[in-house]
Amino acid sequence: MQVMQRILTIRWVPVLRQRESRQRLFYWLLLALPLPLAIYAIGIGRYEIPPDQVVQALSDYALHSRQADFAPTVEYNLVTRIRLPRIAAALLVGASLGVTGAAFQGIFRNPLVDTNILGVTSGAGFGAALMLLINADPFVVRVSAFAFGLVAVLAAFFVSRLYYSAPLIVLALVGILIGSFFNSLTSLLKYVADPLDSLPAITYWLLGSLAAVTRRDIPALALVTLAGLLFMIGVRWRLNVLSLGDAEARTLGLNPARLKLMIIVVSTVMTAMAVSVSGVIGWVGLVIPHAARTLVGPDHRRLIPATIALGAVFLLLIDTMARTLWAGEVPLGVFTGIVGVPLLLVILRVNKTGWQ
Amino acid sequence: MAIVLKAEGLRYSYVPGQVVLDDVSLAVPAHTVLYLLGHNGCGKTTLLEILSGVRTPQAGEVWLNGERLRNIPAHRRARRVGLVPQVHTPVFAYTVREVVMMGRTPHLPLLGTPGRHDREIVEQAIEQVGLSALIDRPYTELSGGERQLTLIARGLAQQTDVLLLDEPTAHLDPRNQQVVLETVAALAQERVAFVISSHNPNSALLYAHQVVVMKEGRVIAGGKPLEVLTEETLSHSYGMTMDVVVDGARGIRAVMPRRNGIFWR
């Protein structure tokens, strides 16, 4: 109530005349954006539900669902059983891919990388394909994708250690090589896969989709992603300092090697978890940090929260398009490219890129 | 005067067999500006990195207020000794305020971000180097001189006892050199001791309390500017003839390089 009163008593016109206040308001609106969009997106589908009924269903779910006399409506069941898990997954996966992309661009001091650079997605793709080939349970497919995502990055890490004085650039190079290696293995699996059964399954998985997400998938995804997001928010100032380079980070009292290793580990686990649920989704980790930088600038204090919000919004948009534009599901990887590439081109055309 | 920073018998080589620093010792008293002169590749930057604690010497020891530098944890060390690097281009277009704010890092709690107090210190540091008008401009859009001033402001915002400047005036015009070095001189009187590496013996004559001259990784002379900056020492260090010109009437002293075989045309 007090907050509302304060908001109402602010004289908005003079506040909005100040550039800094305008930027701050815009920043907070950006951070709040995922919530209304998610409520709106839950309502969209073959069975339309108005936003107020979505809110009603969500509040019932949170407050009344355990009461004995609670009688679920059709809307309630549709919202909480079918659409909420999928929307939650879209938000979590999008936030995860967006923020890890920004963290990687910061520590690699390169605006052209995302977490894929260390091969996590390629490893996960192989892990999933391997299990899809033998028609394993979807849960097993996910576990395998997660595990092989980590295996690929560990392989890149230890192989890069074989080269003395391994700087980050060697790790990136080895990561690309390991990624290609796993991509080739995946191609091999596709080559031997049954063209009527497992081959379409593998192909579809490699294009990414949230269609198969159920309530069962959410707890682990939410736990890992939210913990990871908290970590990223915690180190957001340090990402600024790391992006100056190791020598300067050290003179400012940081231990860049240890900090970068922690960030790589957290990012890798987050990405592996996200990809194991969604399949391979490209572009988010690359496009979102750039988009966020044009909106809020390069300072990671604002950039990290902005990439979380923007990544969530972007994937929510893509996923909503994927499930509503055509009668059948369209793979996400198709849309992220089709939407992401023009978006990135527009961003690069805008002057304020936030990098040199 | 109390010695703030002391180095004894430093030895360093990047590649075994190629010694970059050999038995280097120096002492920096409080309230002192110490100039480090020497030819390109004589080990000035390496020495500054060792003095800042970023690089550990293979032999010898650095003492900060009587404490072994290598025993001080990194974040505590960074509150007491700072290193301002040579100008470079960062990847991301941080504003001047953001770049200077990074100097506050060692003072922040773990996982913390700068607060109001840090903002005030940063604005003061930016004002000291005369960049207040550019405070919200991207660092990448500044001239070389303005970038150097920004990095120096970052060093000031770090609020250390000792500040090591690696060729701070290399990209500056005479006016900006004066801005920087007068700021340095004023701060030295107040609280900070400075070690400045430079290729400009004249600014050492103007601003240094102490001068150390290096050649091929060794200290060949050290002491007060008037004693150290002689024709003999400078010519030996740079491997060329240098004249020290004195205008006694106006109290001016300057170092002039001499053209081969020609003194005046």
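Me: Where does Leu111(B) lie?
Reply: Leu111(B) sits in the loop between H3 and helix H4 (116-128) of chain B. Keep in mind that this is a predicted model.

Me: And what's the phi of Leu111(B) like, positive or negative?
Reply: Positive, about 65°, although Leu111(B) is not a glycine.

Me: What about Asp23(B), what phi does that one have?
Reply: Asp23(B) isn't a glycine either, and its phi is positive, about 50°. Asp23(B) is in strand S2 of chain B.

Me: OK, strands then. Which sheet does S2 belong to in chain B, and in what order do the strands run?
Reply: An open sheet of four strands, ordered S2-S1-S4-S5 in chain B, with antiparallel pairing. Strand S2 (21-29) is an edge strand of chain B, and so is strand S5 (67-68); each of them pairs on one side only.

Me: How many bridges are there between S1 and S2(B)?
Reply: Six, in the antiparallel sense, with strand S1 of chain B covering residues 3-12. As one example, Ala7(B) has Leu26(B) in S2(B) as its bridge partner.

Me: Switching to the hairpin of S9(B) and S10(B): how many residues are between the strands, and which residue takes a positive phi?
Reply: Two residues lie between the strands, and Glu216(B) takes the positive phi, near 50°. Strand S9 (residues 210-215) and strand S10 (residues 218-223) of chain B pair antiparallel over five bridges. Met214(B) has Val219(B) in S10(B) as its bridge partner.

Me: Now the interface. How many residues of chain B are in contact with chain A?
Reply: 32 residues of chain B, in contact with 31 residues of chain A. Together the two chains bury about 2600 Å², and 61% of that is on carbon and sulfur atoms.

Me: How many salt bridges does the rule find across the interface of chain B and chain A?
Reply: Two. Arg154(B) forms a salt bridge with Glu248(A), with 2.7 Å between the closest N and O atoms. Arg302(A) forms a salt bridge with Glu98(B), and there the closest N and O atoms are 3.3 Å apart.

Me: Where do Arg302(A) and Glu98(B) lie?
Reply: Arg302(A) is in helix H16 (residues 300-324) of chain A and Glu98(B) is in helix H3 of chain B, so the pair joins two chains.

Me: And over all chains, how many salt bridges are there?
Reply: The search of the whole structure turns up 21.

Me: Back to the interface of chain B and chain A: how many residue pairs are in polar contact?
Reply: Eight, counting pairs with both residues at pLDDT 80 or more.

Me: Which elements give two or more residues to the side of chain B that touches chain A?
Reply: Helix H2 (74-77), strand S6 (81-84) and helix H3 (96-101) of chain B. H2(B) gives the largest share, three residues. By class, that side of chain B has 19 nonpolar, nine polar and four charged residues.

Me: Last topic, aromatics. How many aromatic pairs are there over all chains?
Reply: A search of the whole structure finds 10. One of them is Phe126(A) with Phe148(A), an edge-to-face pair at 5.1 Å centre to centre with 80° between the planes.

Me: Which helices are Phe126(A) and Phe148(A) in?
Reply: Phe126(A) is in helix H7 (residues 120-133) and Phe148(A) in helix H8 (residues 138-161), both of chain A. The two are 22 residues apart, and the pair links distant parts of the chain.

Definitions and conventions: Residues are numbered from 1 along each chain as its sequence is written. Chains are lettered from A and ligands numbered from 1 in the order in which they are written. This is a predicted model: local features need pLDDT of at least 70, side-chain atom pairs count only at pLDDT 80 or more; totals for chains, interfaces and linings use all residues. Side-chain values use heavy atoms; hydrogens and water are left out. Two strands pair if DSSP finds at least two bridges between them. Contact means heavy atoms within 4.5 Å. Buried area is the accessible area (1.4 Å probe) that two parts lose on being put together, summed over both. A salt bridge is a side-chain nitrogen of Lys or Arg within 4 Å of a carboxyl oxygen of Asp or Glu. A polar contact is a pair of N or O atoms within 3.5 Å; within protein, one must be able to donate a hydrogen and the other to accept it, and residues adjacent in sequence count only if both atoms are side-chain atoms. Ala, Val, Leu, Ile, Met, Phe, Trp, Tyr, Cys and Pro count as nonpolar, Asp, Glu, Lys and Arg as charged, and the others, Gly among them, as polar. Rings of Phe, Tyr and Trp (its six-membered ring) pair if their centres lie within 6.5 Å; planes under 30 degrees apart count as stacked, over 60 as edge-to-face and the rest as tilted.
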